Amino acid sequence: MDNLKKYILITSGFVSVGLGILGMFLPILPTTPFLLIAAACFAKSSRRAYRWLTTNKLFGRYISNYRAGKGIPLRIKIMAISFLWLTILATVIFFVDNIYVRILLLIIAIAVTIHIWTIKAKGNE
């Protein structure tokens, strides 16, 4: 039973990493929560995978800073919010005809913007 739990956690961790990576390119999919889920799964199942995730040069630093409450750099916040709104507005204007879907996308964009903006900026006390 313990082996089954371990493999389920490892699989869930790698699925979460994949979703987190997709979230780097798809503004509707959040990156950090999936990477934090992956870190939690790996912490309970595989030291090697946990170490790989938290020391990964692409996103390990952001996980460590987020978990330590250090925040994220202001430049990253501005880039993330800008990219989010660019892609959401392009989707709403050019690709979605349904008014309810447009409203939902805009509500999601507002919520994600608020979430990102309220995370403490790294270096700001």
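**A first tour**

Tutor: Happy to! Let's begin with contacts: of those in the protein with a separation of 6 or more, 60% are between residues 24 or more positions apart. Keep in mind that this is a predicted model.

Student: Okay. How many helices and strands are there in the secondary structure?

Tutor: There are six helices and zero strands. Going along the sequence, the pattern reads α-α-α-α-α-α.

Student: And what does the C-alpha trace span along its principal axes?

Tutor: About 50 × 40 × 20 Å. The protein has 125 residues, and 30% of them count as buried.

Student: Let's zoom in on a helix. How far apart are the end C-alpha atoms of α2?

Tutor: They are 20 Å apart.

Student: Nice. Which residues of α2 are buried?

Tutor: The buried ones are F34, L35, A38, A39, C41, F42 and S45. They cover an arc of only 165° around the axis, so they sit on the same side of α2.

Student: What covers those buried residues?

Tutor: The cover includes α1, α3 (47-55) and α4 (60-67).

Student: Can we pick a residue in α1? I clicked on S16. Is it buried or exposed?

Tutor: S16 is in helix α1. Its relative accessibility is 7%, and buried means under 20%, so S16 counts as buried.

Student: Which residues does S16 touch?

Tutor: Not counting residues up to four places away in sequence, S16 touches F34, I37 and A38.

Student: Changing topic: what is the volume of the largest pocket?

Tutor: The largest pocket has a volume of about 830 Å³. Its lining is made of 27 residues, and G23, M24, T31, T32 and A80 lie nearest the centre.

Student: Which elements give two or more residues to that lining?

Tutor: Those are α1 (2-25), α2 (32-45), α5 (74-95) and α6 (99-118). The helix that gives the most is α5, with five residues.

Student: How do the lining residues of the largest pocket divide into nonpolar, polar and charged?

Tutor: The lining has 23 nonpolar residues, four polar ones and no charged ones.

Student: What about cavities? How many of 30 Å³ or more does the structure hold?

Tutor: The structure holds one. The space in the largest cavity is about 30 Å³, and the residues lining it are T32, L35, L36, Y62 and I63.

Student: Which helix gives the most to that cavity lining?

Tutor: That's α2, with three residues. Both α2 and α4 supply at least two residues each. By type, the cavity lining has four nonpolar residues, one polar and no charged.

Student: Last one! Where does W117 lie?

Tutor: W117 lies in helix α6. With a relative accessible area of 48%, W117 is partly exposed.

Student: What is W117 in contact with?

Tutor: Leaving aside neighbours within four places in sequence, W117 is in contact with L74, K77, I78 and I81.

Student: And how far is W117 from I21, in sequence and in space?

Tutor: W117 and I21 are 96 residues apart in sequence, and their C-alpha atoms are 21 Å apart in space.

Notes. Residues are numbered from 1 along each chain as its sequence is written. This is a predicted model: local features need pLDDT of at least 70, side-chain atom pairs count only at pLDDT 80 or more; totals for chains, interfaces and linings use all residues. Side-chain values use heavy atoms; hydrogens and water are left out. On a 1 Å grid over the protein atoms alone, a cavity is a set of points where a 1.4 Å probe fits but cannot get out, and a pocket is an open set with protein on both sides within 12 Å along at least five of seven lines; lining residues have an atom within 4 Å of a point. Grid points are joined across faces, edges and corners, and a volume is the space filled by probe spheres set on the points. Helices (H or I, at least four residues) and strands (E, at least two) are DSSP runs, numbered from the N terminus. Ala, Val, Leu, Ile, Met, Phe, Trp, Tyr, Cys and Pro count as nonpolar, Asp, Glu, Lys and Arg as charged, and the others, Gly among them, as polar. The expected span of a helix is 1.5 Å times one less than its number of residues. Buried means under 20% relative accessible area, exposed over 50%, partly exposed in between (1.4 Å probe, protein chains only). The arc is that of the directions from the helix axis to the C-beta atoms. Contact means heavy atoms within 4.5 Å.
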